[in-house]
Amino acid sequence: MSARTIAIIGGGPAGATTAEKLAQGWGLGSHGGSANRVVVFEEKLGWEKPCGGGLSHKVLRKYPFLAEAAGGAKLLHDAEFIAATGAAMRFRLRSPLAIYSRATLNHLLLRRAEDAGAEVVADRIVALRRGDSGWELDGRGRTYRADFVVLAGGARSRLRQVLTEDFAARDFMLTFGYYLPVPCELLRVRFYEKFEGYAWAFPRPDHVSVGIGAKMSEGTMPELRARLGMFMQKSGYPPDPERIYSHLLPSLSVESWGKLRLAGQGWALAGDAGGLVDPVTGEGIYYAMRSGELLAETLLEDLPQAYPERVRNDFGRSLALGARLGRMFYHGEFLGGGVTTRMIEFGTHSRKLLEVMQDLIEGSQSYLGLFARLQMGMARTLLETGLGRVRKALLSGILTGVSRQ
Ligand SMILES: Cc1cc2nc3c(=O)[nH]c(=O)nc-3n(C[C@H](O)[C@H](O)[C@H](O)COP(=O)(O)OP(=O)(O)OC[C@H]3O[C@@H](n4cnc5c(N)ncnc54)[C@H](O)[C@@H]3O)c2cc1C
């Protein structure tokens, strides 16, 4: 087969991982590698992309170099979940969570792609069209040619429209937050009732990323700011108007998962550009990297048409189920209270529920069994605490009876 050029638009986790795995597979970093080329176009090399930067244990297990990158991330061992009622539950994580500054993470991933033999070009691709022989990509000052295009340009990429149908407004979460230069060792997540989203505080090596994210339908930006303001006030984080961030986060609806098109003739979408984000938690770095890896594998096999099916089998089906269950998680009720409120209230009394929360943060709990585990855990706690009370009442009755005799 003749030499091919793969153009990757976007050098975030999805684009950089696709490039690294492709270049590795073709041996581009070594003499005698193939004549193929892998070119990453990135307009803001290694920037601080608005993000929490949290990497669960699932990511660190799959990509161990992320846990080993000395000084790159903060490893957190303790977390606190706060319910809408203010009830809080602090717990130790079984395995630490790594929180990266996105500038550090993006630099690291792009360097790995370059070391593997990919070319990184600092340019913004402003237009994309099919030419007589493959694709033509317009940069800011010149036009590039490619045989295959990977769009890994993130959630806001307008180039999606050239390739496939664009996402609807309901397929996004709004986010807003601050980078605060305050010391912090505790990961905090604050839930609300009847609100599909949450606020967070993710400590990084030299600052904290404090933010809030919610489905577009859940409120306006000023409402999000007000909710975040309350959380920050209660947690003792001073707002800093100088270091604000805001960005869109894909959160595909059930319908959009059903009709998602991840590849076509000579193109594919990876990461946020393909909507590949957990619709309940907003976790996207793992799925960006994993989709890049799966795409690279199919390109190396010269089978890119198999990529959508591999994504579906690997994690797509689970995320689509998340889209179905997300509303139940955030809007559902159990015993007259919100699911998240009850999960936290009952979690302080139940080891089983604590394990569910640890698994959620570790990324080892799929949506398939989540609700069954939550309901079982809550019912069991209710039974145990209820039985505990009955036992106490009986005992005190017996003792009162004994003392009367
Ligand atoms: C507020 C917020 C908090 C989040 N917190 C977490 C978290 O804690 N953990 C987690 O796992 N996920 C989190 N996410 C999601 C995560 O940030 C994304 O899922 C992840 O960055 C997706 O990676 P990507 O490579 O697909 O896209 P991106 O990281 O967005 O990278 C796309 C890249 O493409 C470049 N680009 C775009 N268009 C062009 C163009 N035309 N030409 C050249 N370059 C271009 C951009 O500069 C960018 O660098 C969060 C998201 C938000 C918004």
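The C-alpha centres of domain 2 and domain 3 sit 25 Å apart. The chain splits into domain 1 (1–53 + 101–167 + 253–324), domain 2 (168–251) and domain 3 (333–391), with bounds from an automatic or database domain assignment. Keep in mind that this is a predicted model: local features need pLDDT of at least 70, side-chain atom pairs count only at pLDDT 80 or more, and totals for chains, interfaces and linings use all residues. Residues are numbered from 1 along each chain as its sequence is written.

Let's start with the strands (E, DSSP runs of at least two residues, numbered from the N terminus, as are helices, H or I, at least four). Pairing takes at least two DSSP bridges between two strands. Strand E1 (residues 5–9) runs parallel to strand E10 (residues 148–151), joined by four bridges, and Ile6 stands opposite Phe148 in E10. E10 also runs parallel to strand E17 (residues 267–269), with three bridges; there Val149 has Trp267 as its bridge partner.

Next, Val150. Beyond its neighbours within four places in sequence, Val150 is in contact (C-beta atoms, placed from the backbone, within 7 Å) with residues including Ile6, Ile8, Ala268 and Leu295.

Technical notes: Two residues are in contact if their C-beta atoms, placed from the backbone, lie within 7 Å.
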